[in-house]
Amino acid sequence: MIYGVGPDHISGEILKLGEEAMIPYLARLLDITMNNGTLTGDWKTATVIPIHKGCDRSLVANYRPVSLTWVVCKQMEHVIASYPRQVWDKNGWLYEGQHGFRPGYSCESQVIAACQDIADCLDNEYRIDAITVDFSKAFYLVPNGRLLTKIATSGVDSRVWIREFLLGRTQRVRVGGQLSEEE
């Protein structure tokens, strides 16, 4: 079993090797799924693998779960993810201070911006109040129905299969060569 492959057992390198020859086929698949508004059930499965972050390997907290999905579906995810961002940018829904998921706005740029704001306040002798909140698991706590309602009211075309992608997903965990039951 290859380490970083998903349920399809295909490495992402296959698309890189195919380069431009793959584009018409991927475009056709995207067109079919967009027009049907559905995803094949296989594309809704993921294999989760634990990636060691460092320190004591016996502590679960020292691992980060990575969800591996089907290679073609992952490519379509990138195409689909860029569409809502474009709509939200155009409609002014995204706040300039949002980082991490926008091109050119990384988690590192967020830290730099926060440090610069603090330095500016100190230079000008302004009072600084700070509240820290850990949003590391926030996405998993948002009810899918509420998220989908918000997306629908934001101007994103309903044919985009975000609903299909979020609902009815299953996953298995792979540790070493062992796979858990699909849930």
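## Helix H4

The expected span of a helix is 1.5 Å times one less than its number of residues. Helices (H or I, at least four residues) and strands (E, at least two) are DSSP runs, numbered from the N terminus. Helix H4 covers residues 107–123, and its 17 residues should therefore span 24 Å at 1.5 Å a residue; the end C-alpha atoms lie 24 Å apart, in agreement with that value. Just after H4, Glu125 adopts a positive phi of about 55°.

## Basis of the model

This is a predicted model, in which local features need pLDDT of at least 70 and side-chain atom pairs count only at pLDDT 80 or more, whereas totals for chains, interfaces and linings use all residues. Residues are numbered from 1 along each chain as its sequence is written, and side-chain values use heavy atoms, with hydrogens and water left out.

## The sheet

Four strands form an open sheet in the order E2-E1-E3-E4, with mixed pairing. Two strands are taken to pair if DSSP finds at least two bridges between them. Strands of a sheet pair through backbone hydrogen bonds, either parallel or antiparallel.

Strand E1 (residues 45–52) pairs with strand E3 (residues 170–175) in the parallel sense, over 4 bridges.

With E2, strand E1 pairs in the antiparallel sense, over 6 bridges. In this pairing Pro50 stands opposite Pro65 of E2.

## The E3–E4 hairpin

E3 and E4 pair in the antiparallel sense over 2 bridges, and Val175 stands opposite Gln178 in E4. The two strands, E3 and E4, form a hairpin with 2 residues between them. Within the turn, Gly176 has a positive phi of about 65°.

## Gly12, before helix H1

Gly12 belongs to the segment that precedes helix H1 (13–18). Its relative accessibility is 39%, and Gly12 therefore counts as partly exposed; buried means under 20% relative accessible area, exposed over 50%, and partly exposed in between (1.4 Å probe, protein chains only).

Gly12 and Lys74 are 62 residues apart along the chain, and their C-alpha atoms are separated by 9.1 Å.
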